[in-house]
Amino acid sequence: MFPPPEVAAWRKAWHRAETTPRFTPGTIRMMEYELRYSDLLTLCPQWQDIFVRRVLDFVAPSSTPRILDCGANIGLASLFFKRRYPRARVTAYEPDPALSAMLAANLAANGARDVEARQAALWTSTGALTFTCEGSDSGMIASLPGAVSGQSRTVPSLRLRDVLMQEEVDLLKLDIEGGEDAVLADCEPVLGRVHAIVMALHECAPACRQTPRVLERLTRCGFTYAIDEFVPLTWRPPVTGADTPFPGRALTWAMTVRAWR
């Protein structure tokens with residue numbers, strides 16, 4: 001009858017999303033946060049995952065954990081980390097130019113100005129690359145298998161390996177839409193500098209599965225891992241055909257991998 005404020009905010013947003021056209025930017029009040037968004041229908045599950053289900057929660061070794069928010073979108077994860085650990089040192093990376101602007105605005109408007117926001121794609125090289133901006137939370141590097149449709153933009157890229165070389169990281173939050181295997185392979189020699197990882201591991205291309213390689217690499221680098229939150233992406237092609245034994249099944253999905261030393 002009296003839901004927690006996180007749940008009440010989520011329900012309010014869902015009701016509003018039912019009558020809001022897709023990909024319509026706007027602003028919404030959720031608890032004490034004044035949030036700019038690009039697509040309310042995708043803000044709602046983000047809020048549910050992060051603030052209601054707390055899928056990014058972790059026990060830090062100190063009150064000042066070093067956190068990299070890679071694939072920050074509009075900033076909900078960074079706001080959650082600062083709510084959980086007010087003295088955390090957070091850097092948030094988002095390549096989509098429109099979302100990156102919303103990220104910076106949301107951090108500034110909600111008491112998180114000390115979070116460093118950078119418009120960049122975390123990748124295997126520093127420079128520039130072509131990024132497909134889908135308009136919500138599914139933009140991705142255009143050269144990756146199973147890339148979404150959308151507007152192509154040239155965006156800055158940063159080599160995550162070089163970032164990790166600078167200092168040890170308490171939590172690496174990785175949500176980079178299919179780039180996980182390539183980035184972690186490049187970072188393997190320096191993954192010893194990372195104490196914990198929470199990763200949205202995407203399978204966007206049926207002919208190029210990356211999960212076995214990612215999990216083997218984590219084991220090889222000394223991590224223990226757990227898998228949870230498996231989400232079939234039923235709205236995203238392809239799906240199995242009518243001529244298969246299991247028609248209509250999603251061939252793309254995402255799942256949460258938590259890894260630690």
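A salt bridge is here a side-chain nitrogen of Lys or Arg lying within 4 Å of a carboxyl oxygen of Asp or Glu. In the predicted model described in this passage, Asp-181, Glu-188, Arg-213, Arg-217 and Arg-220 are linked in a network of such salt bridges. A search of the whole structure finds 19 salt bridges, and three further pairs are described individually below. Side chains of opposite charge can pair when their charged atoms come close.

One of these pairs is formed by the side chains of Arg-22 and Asp-39, which meet with a separation of 2.7 Å from N to O. Because Arg-22 lies in the loop between helix 1 (5-17) and strand 1 (26-30), whereas Asp-39 lies in the loop between strand 2 (33-37) and helix 2 (40-52), the pair ties together parts that are 17 residues apart in sequence. The two partners are described by their accessibility as follows: Arg-22 is partly exposed, with a relative accessible area of 39%, while Asp-39, at 2% relative accessibility, counts as buried.

In another pair, the side chains of Asp-69 and Lys-173 meet in a salt bridge with an N to O distance of 2.7 Å.

Since Asp-186 is located in helix 6 (residues 180-187) and Arg-159 in strand 9 (residues 151-159), the contact ties together parts that are 27 residues apart in sequence. Asp-186 has a relative accessibility of 16% and therefore counts as buried, a class for which the value must be under 20%; Arg-159, at 23% relative accessibility, counts as partly exposed.

When the residues that line the second largest pocket are sorted by class, 11 are nonpolar, one is polar and three are charged.

Conventions
Residues are numbered from 1 along each chain as its sequence is written. This is a predicted model: local features need pLDDT of at least 70, side-chain atom pairs count only at pLDDT 80 or more; totals for chains, interfaces and linings use all residues. Side-chain values use heavy atoms; hydrogens and water are left out. Ala, Val, Leu, Ile, Met, Phe, Trp, Tyr, Cys and Pro count as nonpolar, Asp, Glu, Lys and Arg as charged, and the others, Gly among them, as polar. Helices (H or I, at least four residues) and strands (E, at least two) are DSSP runs, numbered from the N terminus. Buried means under 20% relative accessible area, exposed over 50%, partly exposed in between (1.4 Å probe, protein chains only).
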